Amino acid sequence: MAQNIAVIRGDGIGPEIVEQALLVLNRVAERFGHEFTYTDVDMGGNAIDKWGDPLPQEMLQRCLDSDSVLLGAVGGPKWNDVPGPMRPEKGLLRLRAGMGVYSNNRPAKIWPQLASASPLKQEIVDKGIDFLIVRELIGGIYFGKHETVTENGEKVAIDELRYSEEEIRRIGRIGFETARKRGKRLCSVEKSNVLDSSRLWKKVMHELAAEYPDVALSDMLVDNCAMQIVRDPSQFDVIVTENMFGDILSDEASMITGSIGMIPSSSLGQTSRGLYEPIHGSAPDIAGKDVANPIGTILAAAMMLRYSFDMEKEADAIESAVSQVLDAGYRTRDILPADPTGCTLVGCQEMGRRIIENL
Ligand code: NAD
């Protein structure tokens, strides 16, 4: 059966990097006997120019009618002065809310070929970095009541942090299911020594553990986790955590891998339909120059195959092709080491072509 993918090329480098990911998907379809069809969706600055709206309802509907959504990136200086609700990034927030994606999954993986780009000490990097953070995306303190009141003549700001058992259970399940597809180790991160919401979080995670006997569950306090990610990241397989802790830890985790152009992410909700994108933005400074690194988007397409379409070996094949191209020394400008001996500088299109050659 054909899988229909809604494709949001977006702004800046978005169209260039998405093009390479689609060529990779076409090669996967050919090699493994699948059919992928694509529906174009306008979102972001280009949608403002064309429709006067960063995400017209019809475009959201195209995403809701698809089997999954692949996104490049949106935004750029051209739309810096448009009013708040009409900004390109609002299209993305409306898309996430409209799709009901409550789980953001971000891998932190260091490619051995790029180990020198990590800010961590070599002996830590040599132990390997390959884990994934599952972050709750539409609950917690960012979505609680925010208010500023006056008490005894001074302003007091209050942000409410609440989680229901059901909100925790649904993200917990994604954590366990994800761990099941990887190394079967799940670390639940909270602050149960202080917060009630974290104590409930921990209780629900342990209840869920009974349903996943094949996954080893551990608990870690968030402050300790922030230290462990830089002390010994090799200990982690999958981390599951609430919205704000995940926001901070996932940025820390992407930093230790050394290159923003290499990291994909997925956002999932109740159904298998997900939103897949690289973690970087639209990089307007390099748009249209054929120098952008398409690997983050290509790996986002691989995540889509793994998590939305259950195509494990196809996803493995893409990741292995990326690894072989890095082994052969091909580098886009952003991942070219200071001493480029043994490396060949390539553009966006050639990087895509080399990956396809290895598929
Ligand atoms: P950015 O991630 O676009 O760029 C930061 C730096 O990284 C730039 O120097 C850029 O050239 C480089 N870079 C990013 N991706 C690269 C790639 N694939 N290959 C090579 N180099 C790459 O962040 P920014 O400059 O802060 O934001 C630019 C625009 O993107 C803004 O309008 C911002 O709002 C938007 N943005 C969109 C998303 C999204 O669509 N999900 C996410 C973040 C930022």
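Start by selecting Asn152, which is exposed at a relative accessible area of 85% (exposed means over 50% relative accessible area, buried under 20%, and partly exposed in between, with a 1.4 Å probe and protein chains only). Before you move on, a word on what you have open: this is a predicted model, where local features need pLDDT of at least 70, side-chain atom pairs count only at pLDDT 80 or more, and totals for chains, interfaces and linings use all residues. Residues are numbered from 1 along each chain as its sequence is written, and side-chain values use heavy atoms, with hydrogens and water left out.

**Two loops with positive phi**

Stay on Asn152 for a moment. Its place is the loop between β6 (146-151) and β7 (154-159); helices (H or I, at least four residues) and strands (E, at least two) are DSSP runs, numbered from the N terminus. The phi angle of Asn152 is near 50°, a positive value in a residue other than glycine.

Now jump to Asp290, in the loop between β12 (274-278) and α10. Phi of Asp290 is near 55°, again positive in a residue that is not glycine. Asp290 is partly exposed, with a relative accessible area of 29%.

**The ligand and its shell**

Zoom in on some polar atoms around the ligand:

- His280: a polar side-chain atom lies 3.1 Å from a nitrogen atom of the ligand.
- Ala283: a polar backbone atom is 2.8 Å from an oxygen atom of the ligand.
- Asp285: an N or O atom in the side chain is 3.0 Å from an oxygen atom of the ligand.

How much of the ligand does the protein bury? Taken alone the ligand exposes 810 Å², and the protein buries 68% of that. Accessible areas come from the Shrake-Rupley method with a 1.4 Å probe; for residues, only the protein chains shown count as cover.

**Stacked rings**

Switch to the aromatic side chains. The whole structure has four aromatic pairs: rings of Phe, Tyr and Trp (its six-membered ring) pair if their centres lie within 6.5 Å, and planes under 30 degrees apart count as stacked, over 60 as edge-to-face and the rest as tilted.

Select Phe36 and Phe309. Their ring centres are 6.3 Å apart and their planes are at 25°, so the pair is stacked. Phe36 sits in strand β2 (residues 36-40) and Phe309 in the loop between α10 (295-307) and α11 (312-327), so the pair ties together parts that are 273 residues apart in sequence. Phe36 and Phe309 are both buried.

Then go to Phe176 and Tyr212. Here the centres are 4.7 Å apart and the planes at 10°, so this pair is stacked too. Phe176 belongs to helix α6 (residues 165-180) and Tyr212 to the loop between α7 (196-209) and β9 (216-221), so the pair ties together parts that are 36 residues apart in sequence. Is this pair buried or exposed? Both Phe176 and Tyr212 are buried.

**Two polar side chains under cover**

Pick Asp232, in the loop between α8 (222-231) and β10 (238-241). Asp232 is buried, with a relative accessible area of 13%. Which side chain does the side chain of Asp232 contact? Show Lys127: the two side chains make a polar contact at 3.4 Å. A polar contact is a pair of N or O atoms within 3.5 Å; within protein, one must be able to donate a hydrogen and the other to accept it, and residues adjacent in sequence count only if both atoms are side-chain atoms.

Asn105 is the next stop, in strand β4 (residues 103-109). Asn105 counts as buried at 0% relative accessibility, and a polar contact of 2.9 Å joins its side chain to that of Ser103.

**Cysteines to finish**

Last, display the cysteine sulfurs. A search of the whole structure finds zero disulfides (a disulfide is a pair of cysteine sulfur atoms within 2.5 Å). Cys343 has its nearest cysteine sulfur, that of Cys348, 18 Å away. Cys343 is partly exposed, with a relative accessible area of 22%, while Cys63 counts as buried at 0% relative accessibility.
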